[in-house]
Amino acid sequence: MTFKSNRLIFSNLKKDRIKGYRKVFKKQEDLYKPSKDIAKNLTEAMEAQGYDISIDEAMAYLKASIAVHSRDFYMNHRGR
């Protein structure tokens, strides 16, 4: 996943970062599709913690998680 052409994701303004994440999610559809089996297992693990989430919410969490981790990794390692 590349962030070089997506300057919005690094903005200090929350509304711009949200636009940047939306741009990432559009690109991400081609590159990353989380497994429904993993999402189902995630819903069970969340239920064990007292949360009731759907498989769609788990899929959204997995997509958001990879985007956030990729952004943080890029920010921490882009100067090296």
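A word on the source before we start. What we have is a predicted model, where local features need pLDDT of at least 70, side-chain atom pairs count only at pLDDT 80 or more, and totals for chains, interfaces and linings use all residues. Residues are numbered from 1 along each chain as its sequence is written, and side-chain values use heavy atoms, with hydrogens and water left out.

Let's begin with the overall fold. The protein chain has three helices and zero strands, in the order α-α-α from the N terminus. For the record, helices (H or I, at least four residues) and strands (E, at least two) are DSSP runs, numbered from the N terminus. The C-alpha trace spans about 40 × 25 × 25 Å along its principal axes.

How many of the 80 residues count as buried? The share is 26%, where buried means under 20% relative accessible area, exposed means over 50%, and partly exposed is in between (1.4 Å probe, protein chains only). The accessible surface comes to about 6200 Å², and 52% of that belongs to carbon and sulfur atoms; the areas are from the Shrake-Rupley method with a 1.4 Å probe, and for residues only the protein chains shown count as cover. As for contacts (heavy atoms within 4.5 Å), take those between residues at least 6 apart in sequence: 52% of them join residues at least 24 apart.

Now to the charges. Lys and Arg count as positive and Asp and Glu as negative, while His and the chain ends are not counted. Each charge is placed at NZ of Lys, CZ of Arg, CG of Asp or CD of Glu. The chain has 17 positive and 10 negative charges, and their mean positions are 14 Å apart.

Where do the charges gather? Patches are made of residues with over 30% relative accessible area and no salt bridge, with like charges joined within 9 Å and nonpolar side chains (Val, Leu, Ile, Met, Phe, Trp, Tyr) within 5 Å. The positive surface patch holds Lys15, Lys19, Arg22 and Lys26. Lys15 sits in helix α1, residues 14–31, and is exposed at 56% relative accessible area. A negative patch on the surface brings together Glu44, Glu47, Asp52, Asp56 and Glu57. Two or more of its residues come from each of α2 (36–48) and α3 (55–77). Glu57 is in α3 and is partly exposed at 46%.

Side chains of opposite charge can pair when their charged atoms come close. A salt bridge here is a side-chain nitrogen of Lys or Arg within 4 Å of a carboxyl oxygen of Asp or Glu, and the structure holds one. It joins Asp72 and Arg71, at 3.7 Å from N to O. Asp72 is partly exposed at 34%, whereas Arg71 is buried at 13%.

Finally, two residues to look at on screen. Is Ala39 buried or exposed? Ala39, in helix α2, is buried, because its relative accessibility is 0%. Beyond neighbours within four places in sequence, Ala39 contacts Ile55, Ala58, Met59 and Leu62. Ile53 lies in the loop between α2 and α3 and is partly exposed at 24%.
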